[in-house]
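Hi everyone, thanks for making time.

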Amino acid sequence: MAEGILKKLFTQHHLEGNIESAGFESVQIGGSPNEKAVKVSANHGIDIRTKRARRFHQIDFDDFDRIFVMDQKNMNNILQVARNEQDKNKVDYLLNLLEPGQNYQVHDPFYGEIDDYERTFRIIEPACIALVNKIKNTK
């Protein structure tokens, strides 16, 4: 959902950038978004139906300026494949955009109900807005 939110915000604010989500769960690679995520995103005017899950790769450290994670598990996974301190310095928790240094995690709603997806959307959207505002203020 975060990728969809950011892409929508970039379009609305006439920003350019490469935005992609990636993960480490090999069983989901190539898979479509969860139907509940699709529905919640659509309710907010975001179409993520064509998104396909992809694996995070070391080359992503070269292709992206910033890498945001939702939880400790993904933070650990990314730091394990980091090649150096420069790679590690690109990584942060998404919610640190709202409360720097707190390392708050976003609960994965995968096994939850539609309300859990809506709650997750409402948690990550302000962080995405903060990122867009930060980008706009550095231009």
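Let's begin with two phenylalanines: F24 is buried, and F56 is buried as well. Please keep in mind as we go that this is a predicted model. How are the rings of F24 and F56 arranged? Their centres are 5.6 Å apart and the planes meet at 40°, so this pair counts as tilted. Tilted here is the class between stacked, under 30 degrees, and edge-to-face, over 60.

Now look at where the two sit. F24 is in the loop between α1 and α2, while F56 is in the loop between α2 and α3, so their pairing ties together parts that are 32 residues apart in sequence.

F56 has another partner, F61. The ring centres of F56 and F61 are 5.3 Å apart with planes at 80°, so that pair is edge-to-face. The relative accessible area of F56 is 7%, so F56 is buried. For F61 the value is 1%, so F61 is buried too. Through these ring pairs, F24, F56 and F61 are linked into a cluster. The structure as a whole holds three aromatic pairs.

On to helix α4, residues 72-81. Which residues are buried there? They are M75, N77 and I78. These cover an arc of only 165° around the axis, so they lie on the same side of α4. Turn to the face pointing away from that buried side and you will find the exposed residues K73 and Q80. The cover over the buried residues of α4 includes α3, β1 and β2.

Next is helix α6, residues 114-137. At 1.5 Å a residue, its 24 residues should span 34 Å, and the end C-alpha atoms are 35 Å apart, which agrees. The buried residues of α6 include Y117, F121, I124 and L131. What do the buried residues of α6 pack against? They pack against α1, α2 and β1.

Last stop, for contrast: T11, which is located in helix α1, residues 2-12. Is T11 buried or exposed? With a relative accessible area of 60%, T11 is exposed, since exposed means over 50%.

Note on methods: Residues are numbered from 1 along each chain as its sequence is written. This is a predicted model: local features need pLDDT of at least 70, side-chain atom pairs count only at pLDDT 80 or more; totals for chains, interfaces and linings use all residues. Side-chain values use heavy atoms; hydrogens and water are left out. Helices (H or I, at least four residues) and strands (E, at least two) are DSSP runs, numbered from the N terminus. Buried means under 20% relative accessible area, exposed over 50%, partly exposed in between (1.4 Å probe, protein chains only). Rings of Phe, Tyr and Trp (its six-membered ring) pair if their centres lie within 6.5 Å; planes under 30 degrees apart count as stacked, over 60 as edge-to-face and the rest as tilted. The expected span of a helix is 1.5 Å times one less than its number of residues. Contact means heavy atoms within 4.5 Å. The arc is that of the directions from the helix axis to the C-beta atoms.
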